[in-house]
Amino acid sequence: MGKNPFSFRRTSGRRRLKKTAEAPPMSIEAASSPLYSSTVVSNSISVLTAAGAGGTTSKPKKKTGGARLWMRFDRIGISELVECDKSTIIKRVAIPARDLRILGPVFSQSSNILAREKAMVVNLEFIKAIVTAEEVLLLDPLRQEVLPFVDQLRQQLPRKTPVKVQGACSLNGQDNDMHFSAVEGAENDLPFEFQVLEIALEVVCTYLDSSVADLERDAYPVLDDLARNVSTKNLEHVRSLKSNLTRLLARVQKVRDEIEHLLDDNEDMAHLYLTRKWIQNQQSEALLTTTASNSMVPVPSHLQRLSSNRSGSLVTSNFMDDNDVEDLEMLLEAYFMQLDGTRNKILSVSLT
């Protein structure tokens with residue numbers, strides 16, 4: 001019997017689907033057992049809970065950055081402990097979010113001194129701080145290694161007199177004279193941000209010197225033991241000591257390289273003068289306020305010329321020289337030489 005050309009073969013998809021959908025036969029005793037009933041009920045509740053209103057499942061919420069402990073120091077050394085999240089810190093000191101990542105655990109072994117518009121980001125070994133012209137925010141201030149830095153800030157910052165800008169917007173010429181004479185008198189002292197940077201470098205260099213001295217003190221007895229008896233135990237001690245020296249050399253080298261990078265670029269050093277930029281902004285606001293007030297009152301022409309010359313001399317005083325980085329350069333060179341000596345001391349310890 002021939003096949004009809006218009007006939008179609010019957011597919012077995014439905015049959016297979018039905019077969020797969022069928023559940024295995026269950027006895028009446030099993031279906032009526034309490035365990036089976038509780039399982040069915042719990043599965044039904046789980047399905048209804050997952051479906052929710054409208055049958056959609058809720059997506060997990062993204063984790064937000066938690067608050068971390070900071071210590072705030074102002075210009076006269078008053079400190080307080082605060083808990084702030086990332087967004088609060090970013091708004092307060094006007095830095096990008098990536099700078100906070102530099103202060104995080106991922107970059108814990110790196111060394112950075114970064115200049116921003118209104119802040120300086122300091123990441124030196126265990127010291128992680130954000131410095132502005134008016135305050136310093138120190139991350140994780142209760143760590144054992146950070147406590148010497150906290151003590152030095154408390155001892156040294158109150159000795160310095162902050163730059164006063166009260167009366168800068170005054171229309172009285174005498175008040176402005178007093179203001180700028182105070183600024184010129186502050187030239188002999190380092191700006192607030194460099195006071196903090198100097199304390200940080202001093203604490204870090206002292207810590208690294210102490211670590212090198214400890215390893216150097218431990219090295220010679222180990223080498224003496226190895227010279228008397230070449231054993232597996234003594235060789236392992238030497239290998240461990242050499243690894244510690246290599247890691248310490250890398251840490252010293254990172255801090256030294258960061259300082260050398262700043263010394264090679266005058267523009268980068270100029271951007272670190274936060275107090276200078278802060279005073280410039282104050283002077284600009286004072287000049288604009290004075291100009292706006294004078295424009296509302298008619299002034300004789302000869303007084304206008306005197307006023308314009310006076311204002312120009314105030315803004316272009318030698319304290320506002322943006323290219324003058326001598327103070328910072330001398331500060332960085334001193335600690336560069338100290339770190340260079342520490343590096344040479346490590347290299348002098350021969351363990352080969």
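Me: Is Phe-126 buried or exposed?
Reply: The model is predicted, with local features needing pLDDT of at least 70, side-chain atom pairs counting only at pLDDT 80 or more, and totals for chains, interfaces and linings using all residues. Residues are numbered from 1 along each chain as its sequence is written, and side-chain values use heavy atoms, without hydrogens and water. The classes are buried under 20% relative accessible area, exposed over 50% and partly exposed in between (1.4 Å probe, protein chains only). Because its relative accessibility is 6%, Phe-126 is buried.

Me: How many aromatic pairs does a search of the whole structure find?
Reply: Rings of Phe, Tyr and Trp (its six-membered ring) pair if their centres lie within 6.5 Å; planes under 30 degrees apart are stacked, over 60 edge-to-face and the rest tilted. On that basis the search of the whole structure gives 2.

Me: What is the angle between the planes of Phe-126 and Tyr-207?
Reply: The two rings form an edge-to-face pair, 5.0 Å centre to centre.

Me: Which class of accessibility does Tyr-207 fall in?
Reply: Tyr-207 has 32% relative accessibility. It therefore counts as partly exposed.

Me: What is the centre to centre distance between Phe-194 and Tyr-273?
Reply: Phe-194 is buried at 0% relative accessible area, and Tyr-273 is buried at 5%. Their rings pair edge-to-face with 90° between the planes, and the centre to centre distance is 4.7 Å.

Me: Which residue lies over the face of Tyr-273?
Reply: A charge sits over a ring if NZ of Lys or CZ of Arg is within 6 Å of the ring centre and within 35 degrees of the ring normal. At 4.0 Å from the ring centre of Tyr-273, the residue is Arg-276.
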